[in-house]
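This briefing is meant to be read with the sequence and the coordinates side by side.

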Amino acid sequence: MELRPILSAMLRNKTGAILVGLQIALTLAVVANSVAIITTRVEKIGRPPGIDSDNLIFVQSYGFGPNYVQRSTIDDDLRLLRSLPGVISAAPISQIPLSQGGSATNLGPEQTREKVTINTNHFSVDEHGVEALGVKLVEGRNFTQSEIQYTPDPNSSDFVPFVILNRDAAKAIFGTEHAVGKTVYDLSHSAVVIGIMENMLGSWVGWDKLTQVMLTPRIEAGPLARYVVRAEPGQRDALIAEIEQKLANSNPNRAITYVKSHTEIKKRSYRADSRMVAFLSVLIVLMVSVTALGIVGLASFHVNVRRKQIGTRRAVGARRIDIIRYFMLENWLLTTGGVVAGSILAFAFGQWLSSAYSLPRLPPLYVGGGVLVLWVLGQLAAFLPARRAAAIPPAIATRTV
Amino acid sequence: MFAYYFRLALKSLRRNPMLSGLMIGAIAVGVGVCITTLTVYRLMSGNPMAARNDVLYSVTLDSWDSNKPFADDHPELPPPELTYRDAQALYASDIPDRKVMMRKAAFVVEAPPKSGVAPFLVTGRTTTKDFFGMFDVPFKYGGGWDQAADNGSQTVVVLSKKTNDKAFGGADSVGQTVRLDGHDFKVIGVLDDWAPTPKFYDLNNGNFDEIEELFVPYGIGEQYEMQSAGNTNCWRDQQIDNFQDFLNSDCVWIQFWVELRGSEKAAAFQQFIDNYVREQKALGRFERPLNNHLRHPDEWLRVNEAVQDDNRVLVGLSFMFLAVCLLNMIGLLLAKFLGAAPLVGLRRALGASKAAIFRQHLMEVGVIGFAGGLLGIALAALGLWGVRNLYQNYDELTRLDFTMLLTAIGIAVLSGLLAGFYPTWRVCRVQPAAYLKTQ
């Protein structure tokens, strides 16, 4: 009912309306795409690691000098770690999940170059590895103590007779077939799958083969040794301090290079993603604030220049609510124009991002959400100036400027 | 006149403090965000070897599997590292003016017992002698070694500044002894601060890693059968039982760079490596098509995608944000200037020229831009402080330098003027007569 006069007033001040519309359009494009990027990163960071991440401690020791003996050092360290109160389990481990450092091996169901192509993250552990990591065996059995291999030469490419695969690795190699009892091959070795465990994540957070993991029964040759220690809930931080102190002086032929929680290791690996999330969140807040303040500023200004006109309207019988409604409706029209243009811009921008930087495509839901938010935001921003306008007394119409 | 316009501008800004604050604030956050992302981007996309870019080359050979390329997502690229034996063969060439082969290795450092420092693990680099000269590495004390030491016959070490600070409290340690992995090494040099960003000479374990903590002659690695502490990639089904097997294997793990002064030398060395690979093909190695490259540092950084896409996306988004801030400012300025149109009409009627009105308003816009720029720099400093917190040990990466300060002011004033131009032009077209009548 009031649309016509509002529209014609807007047409008389096209520039102002276009400016606000463009601002809203750009804001929608940036916010929708930023939220989409944030969501994928938050999902990435939040992927369940499949191990008892919150209660895990990783220890690294590095031997040196002629008196260092890897095997006995590891046996002594494990005995000490397992004896500490609050420790559920401890095991040697060749690499640390989600640490951005690791080993991967190409595996296949047959020993041909065409078939050995399933890249698999690989962790060497002893018979305590499964319990220490906190993964669940779902089929088959765990390694036994006598199956744990040890080759003193660190250069040896010897393999192991048995392996445990996680579900994703088993599925990638054998498809839907039952994997326990089958043989996996690399280019020069083979091993029998004795167990299948629930999914756990491998070494590199940005790698698309991250979900394919193999455990091998092996203690690695020196001088590097790593341990995974699983603490009882609530005991982790106290144990880190205790382990640091107990291991520091237990053996003069090696240095303890770190004792760290898995939480800390993970945080470091995901820091590029965290940075993106933090930066984009700040950007969204700033952008929405600037746009909202811009709307407030412009609406206030319109109220000021129209004081006389508003007073006149009030004097000839317009109610306060009519004045408020006028400004709110004007703002709603502006916002709507902006979000229509903005939706197109958002999809175009999203298309460009996904083709130039191989980001996932922008889900329409995010644009829809953005439209709703901007509508509400626009109305909120216009409300204050509109209420000020409604407070203009009718008497003002009778005064000259 | 300048001072008068300046006073007028301040007066006008004070008349409407909310609106002025909003405009200055909008420019400031826009500039702050842009400068923050630009600073990070510039540091990450920098070429620390820009001064020597023309003469330095990384060397890569495609020694990989005939069935599949080294990297599935970049099938055109050879592996970024060489095998031990190929590196040995190329190093024998006397075409390059200087050349270096090198790799990472871990060392446990035992400081002198009296220092009371517990043994600590560091990442070191075993390298041939020209590393320091080719890459302009600054020394604080002493220097590198000569050719006689390259084969590992002398146990000498160059410490990074950080390691020297830790083991010797920053003192001149040249001539002192440190124990590395249980062997005595004589300190012959200590580096000064050096943080090549990105770490162009070895991008394998993190483009922005710090430099190694100590450097020893290349031959030390073989002497003590030290495993690689960097990236090692293997593809061939070779049984490896000992260190010698590993050295002979087709695993790639050695970084190789050359210095070639002049294009004739570059062409000659390219010819040399191609011939070498052809000879090897005859022996049954190098099953892939000829794909050997000499790349300058800038090209090397580009093909290895040292700058992450994230940083480009952030810069793009930041400038879109700046655009929103400017649109905001144009709208507010337009409203403000046209609101004051009656005053302009009066001044025009009293004899002010269009040009004078234009200059006066442009001054006001300039003041807003400049104030916004200054505030923007403060915000950028805050933003970079935030980035530093998110990115531990990246202090060097995220410092505002003089160029960025100038850029910030430049962006602010330029965008301020750009935003102010249209409203200023509009207000100049005010017809005095229209505003002299009473409403």
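Which residues of H7(A) are buried? In this predicted model, the buried residues in H7(A) are A:His262, A:Ile265, A:Lys266 and A:Ser269. Viewed down the axis of H7(A), these buried residues fall within an arc of 95°, so they line one face of the helix.

**Helix H7 and the strands it crosses**

- Helix H7 of chain A covers residues 262-269 and lies across E1 and E12 of chain A, running at about 80° to E12(A).
- It is against E1 and E12 of chain A that the buried residues of H7(A) pack.

**The sheet of chain A**

- E1 and E12 of chain A belong to an open sheet of four strands, whose order is E2-E11-E1-E12 and whose pairing is antiparallel.
- The edges of this sheet are formed by strand E2 (87-92) and strand E12 (254-261) of chain A, each of which pairs on one side only.
- On average, and with direction ignored, neighbouring strands of this sheet are turned by 20° against each other.
- Strand E1 of chain A, made up of residues 56-63, pairs with E12(A) in the antiparallel sense over seven bridges.

**Domains of chain A**

- Chain A is divided into domain 1, given as 3-46 + 271-398, and domain 2, given as 65-252.
- The centres of domain 1 and domain 2 of chain A, taken over C-alpha atoms, are separated by 55 Å.

**A glycine in chain B**

- B:Gly133 lies in helix H4 of chain B, which spans residues 131-134.
- B:Gly133 is classed as partly exposed because 13 other C-beta atoms lie within 10 Å, a count between the limits of 12 or fewer for exposed and 20 or more for buried.
- Between B:Gly133 and B:Glu287 there are 154 residues in sequence and 35 Å in space, taken from C-alpha to C-alpha.

**Confidence of the prediction**

- For chain B the mean pLDDT is 88, and 96% of the residues of this chain reach 70 or more.
- For the complex, the predictor gives an ipTM of 0.84 together with a pTM of 0.86.
- Where pLDDT is low, the predicted coordinates should not be read in detail.

Definitions and conventions. Residues numbered from 1 in each chain as written. Chains lettered and ligands numbered in written order. Predicted model: local features only at pLDDT ≥ 70, side-chain atom pairs only at ≥ 80, totals over all residues. Helix = DSSP H or I, 4+ residues; strand = E, 2+ residues; numbered from the N terminus. pLDDT = per-residue confidence, 0-100. Domains from an automatic or database assignment. Pairing = 2+ DSSP bridges. Axes fitted to C-alpha atoms, helices over the stretch in contact; angles between N-to-C directions. Contact = placed C-beta atoms within 7 Å. Arc of directions from axis to C-beta.
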